[in-house]
Amino acid sequence: MSVIALRWVCGATCVMAAALGIGRFAYTPLLPEMVQVYAWDFGQAGDVASANFLGYLVGALAAPSLAGSQQIRYWIGLSLMASVATTALGQVAYDYVTWLVLRFAAGVASAYCLVLVTTQLLQRLDREDAAHLGNVHFAGVGIGILICMTVLIFPPSIVDAWRYLGGASALLMLAAWLALSTSIVPNQAATQAPSSSRTGNGLWLIITGYGFFGFGYVVSATFVVAMAQQISGSITQGTEVWWVVGGSIVPSVYAWQVLANRCGLFRTLRWAYLVEAVGATMAAFATDIVVLSFACVLLGGTFAAVTALGISAAKQLAGPRIAYAVSAMTVAFAIGQLIGPAVSGRIADLMGDFFWPCVLAGALLAISAALVRDPERVEEVGERGGRGHTH
């Protein structure tokens, strides 16, 4: 592996850790205490999460137009700084409306970071003959979650927690900028939409399933700590399940990639969806922390891997138009996770627990698996059908 490829993998991993692992997922372990401190119900907590995802959607729609910009280096730097700022400003947000605005801005920043940096990474690795490393940086999500949990070992106040997390995010983004800034280049071709109807159809199936994944994963990813607190009656013990999620993410990205190399990308993506569907359904029936923790292993063991495999599948179907594929997947994902917390939070308020939200999540993840179509097998079927019509 070349030095440039190594720098890009390490830098992009730091970005994922700060923008997603901290910028997005710090809200989950802090949610139960924030509900108490700010006197929110689960519907309001879900709204704040959905505001983040609405920002994520807006950012995903806007980011690809910048992928080929001559000022791409400037936009990436601005995105990294915005992600840090929106995390650190959590220390001065005290009311519901302020949190809606802040989490929306954090969502925009995280989408820009994901789309712009991942597009650059995939292009750079292709040039360095290291495309097999294109998924590794998603392990940064787990690293960021573990950093969050380390901060919370000695529970600070909500204000201090967001201050410390803002500092950790700043250090990660500084390291990322030092690694990446000198080799960021624009790429105009990456922003074009795919033109092949066969490729386009397969891509849109992947994109649709990825949207269902956005809803399916986000129920657990947003509310699992609150679910654990309901079961255990303890915020401290409830927060511990998030350690399980973060710890499961880091090795899973590598393990699923090895499986994809051996068994095929699309087949492995289908399996990962099904495993996560089992985890979501298991969470619905969990009555003790042990069962819920195992469900968290399945969540953490598939979430970042599905993200990585899904984007790789879209990249394969979209060809050189990487930014289009990454953005379209991110938009679908954002729509699913935008709807998920608000709907699930209100169902939980109505029913008194998270049973039905988890069942719904499991069903949608199973549908995602059903929508995965291996383009090589589709090609074979088409060729056999075409030969059959000639006789």
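## Ground rules

Helices are DSSP runs of H or I with at least four residues, strands are runs of E with at least two, and both are numbered from the N terminus. This is a predicted model, in which local features need pLDDT of at least 70, side-chain atom pairs count only at pLDDT 80 or more, and totals for chains, interfaces and linings use all residues. Residues are numbered from 1 along each chain as its sequence is written, and side-chain values use heavy atoms, with hydrogens and water left out.

## The whole chain

The protein chain contains 15 helices and zero strands. Its C-alpha trace spans about 70 × 50 × 35 Å along the principal axes. Of its 391 residues, 58% are buried (under 20% relative accessible area; exposed is over 50%, partly exposed in between, with a 1.4 Å probe and protein chains only).

Most residues other than glycine have a negative phi. Ala39 is not a glycine, yet its phi is positive, about 60 degrees. Ala39 sits in the loop between α2 (27–38) and α3 (42–62). It counts as exposed because its relative accessibility is 64%.

Asp129 also has a positive phi, near 55 degrees. Its loop lies between α5 (96–127) and α6 (139–151). Asp129 counts as exposed, at 69% relative accessibility.

## Helix α14

Helix α14 covers residues 355–371, 17 residues in total. From first C-alpha to last it reaches 25 Å, close to the expected 24 Å (1.5 Å times one less than the number of residues). Its buried residues include Pro357, Cys358, Leu364 and Leu365.
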